[in-house]
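Subject: Structure handover

Hello,

I am passing this structure on to you. Please open it first, then read the notes below.

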Amino acid sequence: MNFLVEGFLQAFNLLLSGNTETYSAISATVRVSTYSIGCSLIIGIPLGFCLGYFDFSGKKSIRTIVDTMMALPTVFIGLLVYAFLTHRGPLGDFGLLFTLPGIAIGQTILALPIVIGLSATAVENMDPKLRITIMSMGANRRQLFLSSLWECRHGILAGAIAAYGRVMTEVGISMMVGGNIKWHTRTITTAIALETNKGQFGMGVALGLVLLTIAFCVNISVSFLRRRY
Amino acid sequence: MNRPIYEINSLKHSYGAHTVLAIEHLTVQPASIVGLIGPNGSGKSTLLKLLGLIEKPTEGTIHFNGRFVEPFSNEARFLITMLPQEPFLMKRSVFKNISYGLKLRGNGSDIAKKVNEALSLVGLDSNDFAQRPWYALSGGEAQRVALAARLVLKPKVLLLDEPTASVDAASAQLIKEASLRARQELGTTLIVASHDWQWLYEICDETLHLFKGKVFGTGRETIIFGPWQKLGEDKWGKTLSDRQQIIVPAPPDQEAAAVIKRTSVREDGSTLAGEGIVLRGTVSRLSLERKTGQLFATILVGDLPFTVRLTPQQVKEHTLFPGKTTHIHYGFKQIKWI
């Protein structure tokens with residue numbers, strides 16, 4: 001059990017001493033997860049809203065597919081994205097394999113069903129009287145959409161946090177698409193996997209604690225925003 | 001007569017295969033108060049939603065100020081507003097709930113003053129309530145805030161769906177007063193659906209009775225629901241709780257509802273052959289229709305209320321008062337089936 005205590009101490013040491021390798025992994029993790037969560041929110045919230053708000057034929061089937069995709073294994077996404085981005089693949093000319101944008105594409109695929117599914121659930125749970133209230137105030141279609149979205153902001157935010165947590169902690173996509181290249185595409189999770197393979201449990205625990213600290217900071221910020229708005 | 005503010009033609013609205021509203025023609029005059037009366041499921045709320053441009057009718061047209069309108073019509077969306085039956089506030093402060101409609105209109109000046117005025121109209125102190133969150137209000141307060149959010153818009157038409165159904169007596173009184181002030185001060189047309197018949201008869205220029213999605217009268221008719229039992233050749237009836245029998249001609253089906261358009265009061269319980277039906281009952285209420293000056297007596301026959309239109313002279317002649325036993329009379333010709 002000593003390695004846990006050692007890990008705590010090392011975590012503080014790594015962060016306080018400004019260890020460049022650690023900060024490189026933190027930077028890569030934050031950057032890539034920000035790209036992917038940004039993309040998945042921009043694409044996923046409108047799609048989730050439409051899926052939850054409108055009734056159309058095939059809605060139940062789409063909902064089932066989205067719910068199933070919430071459980072997509074990260075290595076499977078990594079494999080698919082790798083196949084598309086490798087120089088023999090259809091998107092090979094873009095040179096995205098073993099880059100942070102490449103990882104971000106995979107993580108967006110991972111986060112998108114979560115954002116769509118949980119946004120749709122938040123919209124479905126919206127009180128039907130909300131639509132009557134907004135329309136009776138004289139809203140046009142755009143105002144109705146934006147106000148409805150704002151009213152289910154807490155549910156959508158919960159979806160965004162769940163997606164962010166999944167993106168931050170995944171290993172499969174980062175490893176397969178990013179290649180775990182030091183100073184370049186090494187994220188915290190791939191670094192933990194590497195350090196553990198090397199038998200450096202303390203270092204692994206330290207990086208894990210760093211990851212937890214980032215997640216904690218994100219949740220604190222979101223809680224603050226929730227209270228405020 | 002002015003151009004009607006609303007004109008409805010061949011209106012039909014269905015949910016799936018079930019038609020909930022069918023009105024051939026209806027007009028509403030500007031600055032009038034129209035009451036909608038009818039049992040639950042009669043189509044009152046649906047009619048209000050269609051007039052409020054919340055839903056689009058399955059068939060037919062609605063014209064507002066002479067122009068065809070539908071949901072999101074720019075010609076009307078800033079002029080019509082509706083207060084639903086159950087209080088509903090958006091997840092924001094009281095102030096933001098009330099100012100929401102003003103902001104939609106780009107009406108950004110003096111918002112605080114307008115919100116304070118609207119709150120005082122519904123009897124709420126702005127210092128105490130303006131910054132409260134939506135969840136820190138009682139049901140009655142929430143309904144009054146919801147009404148303030150409509151009144152602040154100074155609408156041309158205010159549609160009220162059972163505005164006092166789920167609030168206490170004090171809140172109900174404030175809601176009633178605030179609604180009427182909108183009509184007096186702004187010339188707002190009020191269309192009110194309510195089970196509070198007495199209030200509607202007091203304030204309304206016109207009352208419409210809805211039943212099974214159709215407008216069939218002014219709400220002063222007596223409706224008797226089936227089932228009916230066959231008593232003889234072309235003679236059907238229903239036995240009341242006091243064992244008296246209501247006799248009617250053959251209904252179109254056993255479950256049909258009979259509308260007795262006119263009944264009268266008489267002292268004597270006897271009838272001549274072919275004269276009609278006489279039933280014994282007790283006066284339970286006398287109410288005044290302010291606009292016409294006519295009185296209406298509600299007479300309980302068994303458990304069934306009959307409405308009788310009377311002049312003050314007739315009330316005096318029959319010395320009618322609540323609790324008095326009297327007789328009502330109706331003829332077969334006065335019965336319409338729906």
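Among contacts in chain A between residues at least 6 apart in sequence, 78% join residues at least 24 apart. Bear in mind that this is a predicted model. Buried residues account for 39% of the 229 residues in chain A. Along the principal axes, the C-alpha atoms of chain A fill a box of roughly 65 × 45 × 30 Å.

Chain A has eleven helices and zero strands. Its pattern along the sequence reads α-α-α-α-α-α-α-α-α-α-α.

One helix pair in chain A deserves a look. Two packed helices are described by the angle between their axes and the distance between the axes. For helix H8 (residues 153-169) and helix H11 (residues 201-228) of chain A, the angle is about 170 degrees and the axes are 11 Å apart. Angles over 145 degrees count as roughly antiparallel, so H8(A) and H11(A) are roughly antiparallel to each other. On the H8(A) side, the contact is made by A:His154, A:Leu157, A:Ile161, A:Tyr164, A:Gly165, A:Met168 and A:Thr169. H11(A) brings A:Leu211, A:Ile214, A:Ala215, A:Val218, A:Asn219, A:Val222 and A:Arg226. By class, the contact of H8(A) with H11(A) has nine nonpolar, four polar and one charged residues.

Now chain B. Four of its strands form an open sheet, in the order E2-E1-E4-E5, with antiparallel pairing. Which strands stand at the edges? They are E2 (18-28) and E5 (67-68) of chain B. Each has a single partner strand, so one side of each is left without a neighbour in the sheet. Strand E4 (residues 59-64) of chain B pairs with E5(B) over two bridges, in the antiparallel sense. B:His63 stands opposite B:Phe68 in E5(B). Helix H1 (residues 44-51) of chain B packs on this sheet. H1(B) touches strand E1 (6-15), E2 and E4 of chain B. The direction of H1(B) makes about 120 degrees with that of E1(B).

Further along chain B, look at helix H2 (residues 94-104). Its buried residues are B:Val94, B:Asn97, B:Ile98, B:Ser99, B:Tyr100, B:Gly101 and B:Leu102. What covers them? The cover includes helix H3 (111-121), helix H4 (126-129) and helix H5 (139-151) of chain B. Just after H2(B), B:Gly106 takes a positive phi of about 70 degrees.

Best wishes

Notes: Residues are numbered from 1 along each chain as its sequence is written. Chains are lettered from A and ligands numbered from 1 in the order in which they are written. This is a predicted model: local features need pLDDT of at least 70, side-chain atom pairs count only at pLDDT 80 or more; totals for chains, interfaces and linings use all residues. Axes are lines fitted to C-alpha atoms, for helices over the stretch in contact, and angles run from 0 to 180 degrees between N-to-C directions. Angles under 35 degrees count as roughly parallel, over 145 as roughly antiparallel, 65 to 115 as roughly perpendicular and the rest as oblique. Two residues are in contact if their C-beta atoms, placed from the backbone, lie within 7 Å. Ala, Val, Leu, Ile, Met, Phe, Trp, Tyr, Cys and Pro count as nonpolar, Asp, Glu, Lys and Arg as charged, and the others, Gly among them, as polar. Two strands pair if DSSP finds at least two bridges between them. A residue is buried if 20 or more other C-beta atoms lie within 10 Å of its own, exposed if 12 or fewer, and partly exposed in between; C-beta atoms are placed from the backbone.
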